[in-house]
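These entries record a search for salt bridges.

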Amino acid sequence: MSPHWPTRTLAPTDLVVGPCAWRITLLADDRQAGYVREHPSLVVVMPEDDDAVLEAAAPHVAGLPVLLIVAEPSFARRLPGQIEQRMAALGRSHVEALMLRVDEPTELKSGGLLQTLFGLRDRGAVDHLGLASHDPLAVEWLAGNTAVRLLGLPYSLADQTVRWRALARAAEYGMATISLTPPPEPPGPPESPPPRPVDEAGLRFALAEAGRVLPLLDRPLPEPWAPMPAGQAEAAWDDYRARHDEPAPLPRGRPPVGDE
């Protein structure tokens, strides 16, 4: 491990993380897998990462904590097979964390999806459970109405909506939060060879906010790297609030439906 790479335990879990989490695609590239091994942290498998990516990453993932994120299936009975297939492609019978990305929070009220997740935990296939959504209002509802320890959400310099209420609610109910929004690439001509470096301000903001929301990166950090000063990150929040309206709370705490 790099001597300048700090690690910590992501409370309230026992997951050991660095200043950011890494997307599994880095471990699928032999040229970048060594970098992740030198800078260990939580490795995140997104629903969009196909089985070929997982199979390529499998030889490099040993000893690193894995968060497997799966998309909400059309029918709850399909979820166990979906999870088993993803774990098999990664060469794992156990992962440290499992997160379900929810499209319609109302579907959770039936209990089938959550029962499947809790069953996998009870069987020892996973240690920590989580839920995720791209909708800030859904995130707010999930934080206050579900018994999981990880919450995946959108959070970046350009979108700080969840900070109005959702982050405080997650903290109140004992959830660790992870941003599923990698810092964006800066503008550039289409012919620029990928991957272009991430937007510097967005990256430095994400690193500064790691204690509030663990950021996810899909490429190595540029050297030298440094977080945005705390005062500057707080000023970014003040500026965001000045330019955006606070979203209205959900009526009586019910989950959002459709375009609410």
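Predicted model: local features only at pLDDT ≥ 70, side-chain atom pairs only at ≥ 80, totals over all residues.

I counted a salt bridge wherever a side-chain nitrogen of Lys or Arg lies within 4 Å of a carboxyl oxygen of Asp or Glu. Residues are numbered from 1 along each chain as its sequence is written, and side-chain values use heavy atoms, without hydrogens and water.

Entry 1. I searched the whole structure and found twelve salt bridges.

Entry 2. I looked up E234 and R163, whose side chains form a salt bridge at 3.1 Å, N to O. E234 belongs to helix α8 (residues 230-243) and R163 to the loop between β8 (150-153) and α6 (166-172), so the pair ties together parts 71 residues apart in sequence. Helices (H or I, at least four residues) and strands (E, at least two) are DSSP runs, numbered from the N terminus. For accessibility I took buried as under 20% relative accessible area, exposed as over 50% and partly exposed as in between (1.4 Å probe, protein chains only). R163 is buried at 15%, whereas E234 is partly exposed at 32%.

Entry 3. I noted a salt bridge between E209 and R212, with the closest N and O atoms 2.7 Å apart. E209 is buried at 6%; R212 is partly exposed at 35%.

Entry 4. I returned to helix α8, where D239 and R243 lie four residues apart, about one turn of the helix. Their closest N and O atoms are 2.9 Å apart in a salt bridge. D239 is partly exposed at 39%, and R243 is exposed at 53%.

Entry 5. I recorded a network of salt bridges linking E140, R165 and E246.
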